[in-house]
Every structure is written in C-alpha cells, then in structure tokens.
Amino acid sequence: MTLLGDMEPAEAESVYFNEYPPPKSLPKHEALARAFIDLHVEDKRRVVLVTSGGTTVPLEAQTVRFIDNFSAGTRGATSAEYFLQQGYAVIFLHRQYSLLPYSRHYSHSTNCFLDFMDEASPSADSPNQNHGPIQVRSEYQDEMRDVLRKYRYAKQNNRLLLLPFTTVAEYMFELRAMAKLMRPLGPNALFYLAAAVSDFFIPRSRMAEHKIQSSELPANLDNSSAIGSQEIYTGENEVQPPKSQKKLVVNLDPVPKFLHRLVDGWAPDGSMVVSFKLETDPSLLVYKARTALQRYSHHLVIGNLLSTRKWEVVFITPDPPHERWIRVPKARRSKSISGVEDQVGLAEIQKGGQQQPQPQEVADYSDETRDGIEIESLIIPELVKLHDKMIEKKTQKE
Ligand code: PMT
C-alpha cells in the first residue's frame with residue numbers, strides 16, 4: 001500500500017480528506033471566518049492566520065486515548081497579541097483549551113487569576129457587611145488595565161476570531177478551509193504556522209472503533225457480535241489479536257505535509273507563508289530550517305530550539321541575509337522552568353557541525369522599560385517588515 005507521504009501532494013490531499021468526515025464545527029467556523037474576512041477585505045486590513053498549540057492523534061474512533069505533544073500555545077497566543085498591536089486582524093486557529101491571547105496572562109497554573117484578586121471591605125452603606133466587593137489587587141491594577149483595554153479593543157472592533165480544533169485531522173480541515181476563504185485578501189493575507197502538528201497518525205481505515213482493551217475480554221463477550229475479536233487490544237483491526245501479552249504496539253503512518261498544498265494551492269496569490277521548525281539538537285536546527293524553506297518554496301522559516309525558544313529564534317529567508325538570529329538580550333530574559341539558558345547561541349555555533357564565530361546580539365532593545373521581554377515582541381515587528389516588503393513588491397509589479 002502506498003503511504004500518503006510517498007504520493008504527489010494533490011493526490012495525498014484527496015486521499016487524506018476523503019478518509020475523514022469533516023469536523024462538525026467546520027460549517028460554523030467557515031461562516032464566522034467568511035464574515036470576519038469580508039469585513040477586513042472591505043477595510044483593506046491585513047489578516048493573519050495564526051495556528052497554535054499541539055494536535056492530538058486519536059488511537060480509537062470513539063476516542064478514549066490519544067497521543068499528544070508538549071505545546072501549550074504560548075508562541076501562538078503571544079504572537080497574536082503583537083500582530084493585533086501591529087494593526088492586523090487575527091484568525092486564531094488553536095488547540096482547544098490551549099493558551100489564548102490576553103487571557104493567557106491569567107490562565108497559567110503559575111499565574112492563577114485568583115492570585116490577582118482581593119475582597120475589599122464592604123462600604124459603610126452596604127446591606128451585607130460580611131460581603132466586600134471583589135477587586136484586582138492594587139499592585140496588578142496597571143498591568144491588568146492594560147491587558148483588559150487591549151482585549152476589549154480587539155473584541156469590540158472585531159479584530160480577533162478564535163477557532164478551536166483538537167485532532168490533527170480537524171486541524172487539517174480547518175487550515176485548508178481558512179486558507180481558501182482568505183483568497184480575497186490576496187497579499188494582505190499572512191500565514192503564521194506556530195502549531196506543533198503531529199507528524200504521525202493512525203489512518204481511519206486501521207483505527208479501532210472502540211476502546212482498545214488492555215486485557216482479554218470475558219469468554220461470553222469474546223467473538224460476540226457486539227465486540228468483534230479483531231477489535232480487541234492492538235489498536236488495529238487485526239485478524240489474530242494476541243491473547244495473553246499486554247503490550248500495545250501502535251503502528252503510525254506519517255502525516256502528509258500539506259505545506260506544499262498551502263503554498264501552491266490553498267493560500268491566496270501573493271500571500272506570505274511563515275512556518276516554524278522545532279528541533280532539540282542544536283547542530284540540526286539551521287540545516288532543517290533551510291531544508292524546509294527549499295522544499296516548500298515559501299517565504300520564511302522561523303527555527304527554534306525546544307530549550308531556548310523563549311529567548312532566541314532564527315529567521316531563514318530566500319533573500320539575503322538568509323539567516324538572521326533574533327535574541328532577547330541576556331539582561332532582559334524572562335525565567336523559564338523548561339528552558340536551558342546555557343544553550344542560547346549553541347545552534348548558531350554548531351550549525352553544519354563546524355565551529356562558527358561567537359553569536360552576536362542582533363539589536364539593541366535598551367529603550368524597553370519593563371523587566372523581561374517576550375521574544376514575540378521582537379519577532380513580530382521584524383516579520384511585519386518582511387510582509388511590508390512583499391506587499392510593496394507586489395504593488396510595484398501591478
Ligand atoms: O506552544 P509553545 O510551547 O510556545 O511552543 C511553540 C512551538 C515550539 C511549538 C513553535 O514555536 C514551533 O516551533 N512550532 C512548529 C513545530 C514544528 O517543528 O513543526 P513541524 O516541523 O512538524 O512542521 C513544520 C511547519 O509546518 C510548522 O510550522 C507546522 O505548524 C506546519 N505543519 C506541519 C505539519 C502539517 N501536517 N501541517 C502543518 O501546517
């Protein structure tokens with residue numbers, strides 16, 4: 001049997017999308033997106049589709065178990081805020097329950113919103129002297145007012161559309177539908193693919209319908225018409241399921257990379273496509289990001305290492321300078337529990353397995369007044385400059 005990854009992109013698309021029913025929420029999402037896009041086309045505003053969070057890979061059609069990945073959606077949610085600040089309208093295609101723009105400041109387990117609240121003393125004329133009004137603690141007033149104002153502005157002016165997905169198949173359907181709906185935007189459309197999309201999945205044809213059993217079924221259920229023996233245990237509909245061992249072997253196929261189809265088919269002519277490349281091995285990052293750019297012929301790959309992603313990224317572009325590092329200066333780096341600060345700069349030094357010059361800080365952000373700065377506050381303005389240039393070139397041609 002030919003794997004989807006071995007097929008031509010257009011053929012893989014038709015096989016993949018024919019295998020799954022579209023997500024139930026797709027028609028509703030399409031209607032919302034159509035209205036949102038129409039509004040911004042009319043206002044000649046740029047629209048960015050930000051993808052965010054991980055995707056799940058179900059092991060059963062009636063899903064009890066699934067494979068997931070680490071992404072909390074921090075990159076996507078944070079970037080969305082900086083795009084809004086730059087005047088873009090944002091379609092935020094995100095993993096359900098991952099972080100959202102604005103509310104992310106108060107939804108982390110380490111940033112519980114209740115810690116920002118206090119009960120004030122009841123006013124003298126209050127009928128219930130045991131109940132004071134709930135209010136934001138004085139030390140958080142300025143920060144929360146700022147977030148609240150931006151959030152309200154985005155909502156009241158229809159600048160932010162939140163669309164959730166859960167599984168990798170739902171993500172694919174949503175991405176394709178949104179890209180096609182964005183066609184009237186032409187070069188004003190931008191795709192910012194920060195989601196950590198699963199690379200492997202179980203095709204629908206091989207997926208167990210019911211919960212995979214971890215032990216043998218009672219004799220009266222074995223071979224019953226309700227639960228066929230081939231549905232027991234393996235995650236696949238095998239002819240001879242193992243009877244005694246309890247090891248679960250899951251056989252996954254590669255998920256087709258639809259970036260080709262996005263760049264060459266679904267996305268509007270002249271639009272800008274930005275993908276991400278995540279690696280854990282510093283010596284591979286630049287090579288893998290360059291390879292992705294060559295393979296899909298799009299406009300920008302943003303490379304990041306799992307251990308340093310909050311403090312540095314690399315822009316890989318088809319035009320000079322081809323490779324550009326963006327780093328938060330040492331004194332402005334926020335703390336990260338999962339990050340390894342010692343590794344900042346390693347991917348630049350170790351690329352191609354050769355010793356390179358010491359990494360340079362790329363820009364002076366000394367006018368920033370806050371303590372830690374978010375790397376997305378540096379990424380998005382740089383990216384917008386590239387989008388400006390693309391639009392300018394396109395308009396000069398016409
Ligand atoms: O959420 P955080 O914790 O903040 O983490 C952010 C992040 C590390 C997940 C993010 O910065 C990032 O790097 N995302 C991309 C992860 C990755 O390496 O993806 P990939 O190599 O599997 O895919 C390459 C690109 O194609 C990605 O932009 C991906 O979104 C996109 N893709 C991939 C497969 C697929 N079937 N469809 C896609 O659109």
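**Exercise 1.** Which polar backbone atom is 3.4 Å from a nitrogen atom of the ligand?

*Solution.* The model is predicted: local features need pLDDT of at least 70, side-chain atom pairs count only at pLDDT 80 or more, and totals for chains, interfaces and linings use all residues. Residues are numbered from 1 along each chain as its sequence is written, and side-chain values use heavy atoms, with hydrogens and water left out.

Step 1. The atom belongs to Pro256, whose polar backbone atom is 3.4 Å from a ligand nitrogen. A polar contact here is a pair of N or O atoms within 3.5 Å.

Step 2. A ligand oxygen is 2.8 Å from a polar backbone atom of Ala195.

Step 3. The protein covers 95% of the 780 Å² of accessible area that the ligand has on its own (Shrake-Rupley method, 1.4 Å probe).

**Exercise 2.** Find which element gives the largest share of the shell around the ligand.

*Solution.* Step 1. Of the 25 residues around the ligand, Ser71, Leu193, Ala195, Lys277 and Asn304 come nearest; a residue counts as near if one of its heavy atoms lies within 4 Å.

Step 2. Strand S11 (272–279) gives the largest share, four residues. Helices and strands are DSSP runs, numbered from the N terminus: helices are H or I with at least four residues, strands E with at least two.

Step 3. By kind, the shell holds 15 nonpolar, five polar and five charged residues. Nonpolar means Ala, Val, Leu, Ile, Met, Phe, Trp, Tyr, Cys and Pro; charged means Asp, Glu, Lys and Arg; the others, Gly among them, are polar.

**Exercise 3.** State where the buried residues of helix H6 lie around its axis.

*Solution.* Step 1. In H6 (residues 259–266), the buried residues are Leu259, Arg261, Leu262 and Trp266. Buried means under 20% relative accessible area, exposed over 50%, partly exposed in between (1.4 Å probe, protein chains only).

Step 2. These residues cover an arc of only 165 degrees around the axis, so they are on the same side of H6. The arc is that of the directions from the helix axis to the C-beta atoms.

**Exercise 4.** Is Lys44 buried or exposed?

*Solution.* Step 1. Lys44 sits in the loop between helix H2 (26–42) and strand S1 (47–52).

Step 2. Its relative accessibility is 69%, so Lys44 counts as exposed.

Step 3. Phi of Lys44 is near 55 degrees, a positive value in a residue other than glycine. Most residues other than glycine have a negative phi.

Notes:
Contact = heavy atoms within 4.5 Å. Polar contact = N/O pair within 3.5 Å; in protein donor to acceptor, adjacent residues only side chain to side chain.
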